[in-house]
Amino acid sequence: MEYKQTGWKLDPDGRHITFTDGCGIGRVRLIGSRDLATRPIPAITRIRLIRRVDGYYAQFCIQAQRRVEHVPTGKQVGIDVGLKAFSTDSEGNTVENPCHYRKAEKRLKRLQRRLSHKQKKSKNRKKARQAVAYAHLKVQRQREDFARKQANALVTSHDLIAFEELQIRNMVRNRHLAKSIHDAGWGQFLLWVKYYAAMHTIPVIVVSPHYTSQECSTCGTLVKKTLSVRTHVCTACGVVLDRDHNAALNILQKALSTVGHTGCAASALVESLLSSRG
Ligand SMILES: [Zn+2]
């Protein structure tokens, strides 16, 4: 349910909200970490009521401009996302895949089984159903938390980030990979990277994924390899690199060749990024 600027009233202490539109919610206490009392009320443009298994949430949309002074690091990075590692950067650093779903899978299956054995419409069935929903919610939150933290760390420590356009839809069609891909949550990760990058006003450049894993990042020779080949061995220049590291280097090179090395191109990109966000 969504409210604009009418239909609700916030107590002066910021701890209670009363819904005045007669839908029967009335006055409720707010719990949570945000201090609403210090905000001028007109800044709240919208309130969204969201029901989750563990309670009701009131989402306050506040007009604010979040800008962070980015401390230049002089570092530009290309990121390759994969299944073996969650991500590999152009420096060769890898972030391990957290596999939140896989780790919770046993527990989820057990809860699901327990639910299926409960009698229909019984109180215990309702409880069991809530337990399943809560376990799913927990996985979802872990994944989100991970994506956010990774994204923030990445943005804070670089001045430019290059990504490959993800073709998740095509990849998910491969049924063996589907579960792992959903589990990895790269889409979410990329969104958070864009979010933090806009806050820090640093550019995120998305390049097309053509040949990024096949080309040699050192000499540009095409070295064909299937998904199972984990190492890039160049037949022309002899360079040996981890497959994903090679791809990350290509992604960064591609990104730099599209914007040029000049700072003004990068800042123009930031401007367009910011204006597209409204
Ligand atoms: Zn080569």
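I take the bend at a residue as the angle between axes fitted to the seven residues ending there and the seven starting there. I number residues from 1 along each chain as its sequence is written, and the model is predicted. Local features need pLDDT of at least 70, side-chain atom pairs count only at pLDDT 80 or more, totals for chains, interfaces and linings use all residues, and side-chain values use heavy atoms, with hydrogens and water left out.

**Entry 1: overview.** I counted 7 helices and 13 strands. These are DSSP runs, numbered from the N terminus: helices are H or I with at least four residues, strands are E with at least two. Buried residues make up 36% of the 278 residues. Buried means under 20% relative accessible area, exposed over 50%, partly exposed in between (1.4 Å probe, protein chains only).

**Entry 2: helix H1.** I looked up the bend first. H1 bends by about 40° at Lys-106. H1 has 17 residues, which should span 24 Å at 1.5 Å a residue; its end C-alpha atoms are 24 Å apart, which agrees. The expected span is 1.5 Å times one less than the number of residues. Arg-107 is found in H1, residues 100-116. Arg-107 counts as partly exposed, at 46% relative accessibility. The buried residues of H1 include Ala-104, Leu-108 and Leu-111. Glu-105 is buried too, at 15%. I found Glu-105 in a salt bridge with Lys-109 (4.0 Å, N to O). The two lie 4 residues apart in H1, about one turn of the helix.

**Entry 3: salt bridges.** I used this criterion: a side-chain nitrogen of Lys or Arg within 4 Å of a carboxyl oxygen of Asp or Glu. The search of the whole structure gave 7 salt bridges. Glu-2 meets Arg-48 at 3.0 Å, N to O. Glu-2 lies in strand E1 and Arg-48 in strand E5, so the pair ties together parts 46 residues apart in sequence. Glu-2, Arg-46 and Arg-48 are linked in a network of salt bridges. Asp-11 pairs with Arg-27, the closest N and O atoms being 2.6 Å apart. Asp-11 counts as buried, at 18% relative accessibility.

**Entry 4: cores.** A nonpolar core is a set of buried Ala, Val, Leu, Ile, Met, Phe, Trp, Tyr and Cys residues joined through side-chain atoms within 4.5 Å. The largest has 21 residues; Ile-79, Phe-163 and Val-193 are among those touching the most other members. Helix H5 (186-200) is one of the contributing elements. H5 gives the most, with 8 residues. Apart from this core lies another, of 11 residues, including Tyr-3 and Trp-8.
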